[in-house]
Amino acid sequence: MRKMLAAAVSRVLSGVTQKPASRVLVASCNYSKVATFPIKKCDLYRLEEGPPVTTVLTREDGLKYYRMMQTVRRMELKADQLYKQKFIRGFCHLCDGQEACCVGLEAGINPTDHVITSYRAHGLCYTRGLSVRSILSELTGRRGGCAKGKGGSMHMYVKNFYGGNGIVGAQGPLGAGVALACKYKGNKEVCLTLYGDGAANQGQIAEAHNMAALWKLPCVFICENNLYGMGTSVERAAASTDYYKRGHFLPGLKVDGMDVLGVREATKFAADYCRSGKGPIVMELQTYRYHGHSMSDPGISYRSREEVQNVRRKSDPIMLLKDRMVNSKLATIEELKEIDVEVRKEIEDAAQFATTDTEPPLEELGHHIYCDTPPFEVRGANQWIKFKSLG
Amino acid sequence: MGPPLGSNQCRSLIGAPPCLPAVCGSVARNPGLQVGMAAFVATAGRLLGLRAAGTEGRWRRLRGAGLRRALLQPASATGDAAQRRQVAHFTFQPDPEPREYGQTQKMNLFQAITSALDNSLAKDPTAVIFGEDVAFGGVFRCTVGLRDKYGKDRVFNTPLCEQGIVGFGIGIAVTGATAIAEIQFADYIFPAFDQIVNEAAKYRYRSGDLFNCGSLTIRAPWGCVGHGALYHSQSPEAFFAHCPGIKVVVPRSPFQAKGLLLSCIEDKNPCIFFEPKILYRAAVEQVPVEPYNIPLSQAEVIQEGSDVTLVAWGTQVHVIREVASMAQEKLGVSCEVIDLKTILPWDMDTVCKSVIKTGRLLISHEAPLTGGFASEISSTVQEECFLNLEAPISRVCGYDTPFPHIFEPFYIPDKWKCYDALRKMINY
């Protein structure tokens, strides 16, 4: 009893002071380097075996995932705030609640693999390598944004991340195409093609499934099922809500999308499946979004507040990771709180930049329509105002 | 009431003038005057021309400090660049109350659409309405109450599949039932483009009049809305104008919308009805409660004139109406304003007769210039009325770029661009 008290006291002290001497003392009895966790078994379709049911998490990885998820969460909440203050205009689709999906997916693939998704993309933009600063200033439409302020919320891109697509389902065939390029180049890369439960009913997704299966493309089709396609629940939109089976002739697995480790293991499994040349695979991530579909949707007219609060209380991805790490002594609460504070500061700085940066110059209205053609004059509103186009 | 407007906040609100902070201070002690004070300060700010970058920076910091928006709303009409965009580029001009169709009611555009759909479903027992989210009333409230009134087998949701929606609608129409399909935004109509152009438009022709899908009507919100960016602002009427076999209609007001929509539904050809989304709430008029028809393919001369003809459709009609009054006031030029209404088949007679009278033509639309419908009108008019033209035909349209996100106010053909083009045409 006294030993536990002493341990608790020294843990608190170490969290506060962080002197090297006490850290050595503390490391031996309070921090573990690794821990093993069980994962919920995935439902399988046309697969003999699935991802492992236990996984090992190192302290380093755990802290990294925690930081990334917390950054995505705070970034989305900051975007919410900026939208209400009218710094961000237009459409803004937030993914808070779905952090485990983007962080878990990134953890399961290599930076050289490719990802394409729909418009609920801010989280994936961050995990794929964009800084919070460039994301927020793209949202506010400034020069410092990743698409130079011309794209906005739905059109953010970075190397090996193809956006950010506004038209629902249009990214399916694009992802299959990227996978074809990977296969053609023979570099063992895969393409993660994400779409939502609403898009799963688009014809283009079925076309992409067929092409990928026919030519055995290394494409992982991932359906982020957050139970609502805008305001329509999955039961009212789909004849079959088993989205992992909707690939029909494609193997599939259903994953708990609120558990970052589960998503990581499933992604590794799926990516390995594709890399070995067996063809495409479908993955369904069961997740939830706290915000409405977009900023103009309060999110409670088609679901109850209790439902949202329930999910927040029981299956919040950040909370789940935090509990696991603290209970298995991979980290202390104070450490995680420190990460929270650092993340908050990073977001504040980024928001400050995003709201004070200059907007793109008007000449850019005509830029980047075509490539390599000699600059022509972009005609428009009247014959006397023209913009020069630059490739 | 929000937090009291402290005197130092007041100072940052308006900048230099020394007298006002004192006034502000005294007002701050009286909470009842808060909102009115904000309005006064705002007007004072505008009068003092405080649109300089310095004050803008202060505006922003003030907002970021989290003051209640209610306090700032009266001020929003003044200088700040980000907030200036809230002012629309047009002013809706309602038509006088129609007398010949019976009792009228004040309705905005989406209520007029609901009324038209209500009349259709009541009159025609085979009529069905379907699309994404139409059951609860639609994202623009155009179908509110219809499911409760007519039942869930007549007003129902479809999954997220535009191609499926239109193809399905064609099927319903071929059997003889009336199909009213909704595409949630005109920008999303492209997956259905093949069904519309290759199936719907050609059905009667290819079957030698044995089959047809004439009882199909497709409705879609259309046009710029201030914050729509690339995929919620497009005006795709030109793509469909190139397709014989369908009809394309764009109303300018609630009264026109109800009459034209009812005509489209009853027309024995597949029709696409584009509804200017920016007018859904902004346009309010007296609209008859009973059903009535406005004929398709007939343009309307809204205002008679003798010097220039101005042609537009949808929201842009209100812009050119304003341009016409500006021209009358500042240049003494008398303009004839025509609302084209039906894009395909379009009323060549009215436009050509007008151009023969005036000798000058200006056409304006939000869609990009190259290949926009203005080019078709322009080409036909120069064929028919060449010797009557006093100046080259002017087209004031959007730029040949995708519809921009942040550059929208510069992109759209607003009244100043139209006025400028008109002036140059007069002085040709």
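A salt bridge here is a side-chain nitrogen of Lys or Arg within 4 Å of a carboxyl oxygen of Asp or Glu. By that rule the structure holds 33 salt bridges over all chains. This is a predicted model: local features need pLDDT of at least 70, side-chain atom pairs count only at pLDDT 80 or more, and totals for chains, interfaces and linings use all residues. Side-chain values use heavy atoms, without hydrogens and water, residues are numbered from 1 along each chain as its sequence is written, and chains are lettered from A, ligands numbered from 1, in the order in which they are written.

**View 1. A salt bridge within chain A.** Arg73(A) pairs with Asp316(A), with the closest N and O atoms 2.8 Å apart. The two residues are 243 residues apart and link distant parts of the chain. Arg73(A) sits in helix α3 (residues 59-84) of chain A. Asp316(A) lies in the loop between α11 (305-315) and α12 (317-327) of chain A. Helices (H or I, at least four residues) and strands (E, at least two) are DSSP runs, numbered from the N terminus.

**View 2. The interface of chain A and chain B.** Here 47 residues of chain A are in contact (heavy atoms within 4.5 Å) with 42 residues of chain B. The size of an interface is often given as the accessible area lost when the parts come together. Buried area is that loss with a 1.4 Å probe, summed over both parts. Chain A and chain B bury about 3800 Å² between them, and carbon and sulfur atoms give 62% of it. Three residue pairs are in polar contact, both residues at pLDDT 80 or more. A polar contact is a pair of N or O atoms within 3.5 Å; within protein, one must be able to donate a hydrogen and the other to accept it, and residues adjacent in sequence count only if both atoms are side-chain atoms. On the side of chain A that touches chain B, α6 (132-139) and α9 (234-237) of chain A each supply at least two residues. That side divides into 19 nonpolar, 18 polar and ten charged residues. Ala, Val, Leu, Ile, Met, Phe, Trp, Tyr, Cys and Pro count as nonpolar, Asp, Glu, Lys and Arg as charged, and the others, Gly among them, as polar.

**View 3. Two domains of chain B.** Chain B is divided into domain 1 (96-288) and domain 2 (300-427), with bounds from an automatic or database domain assignment. Their C-alpha centres lie 26 Å apart. Contacts join 28 residues of domain 1 to 26 residues of domain 2. The two domains bury about 2000 Å², 60% of it on carbon and sulfur atoms. Cys224(B), Glu237(B) and Arg252(B) supply 29% of the area that domain 1 buries against domain 2, more than any other three residues.

**View 4. Polar links between the domains of chain B.** The rule finds two salt bridges across this interface. Arg252(B) and Asp339(B) meet in a salt bridge through their side chains, at 2.8 Å from N to O. Twelve residue pairs are in polar contact. On the domain 1 side, α12 (237-241), β6 (247-249) and α13 (254-266) of chain B give two or more residues. The largest share, four residues, comes from α12(B).

**View 5. Confidence along chain B.** Over residues 1-29 of chain B the pLDDT is below 50.

Conventions: pLDDT is the predictor's confidence in each residue, from 0 to 100.
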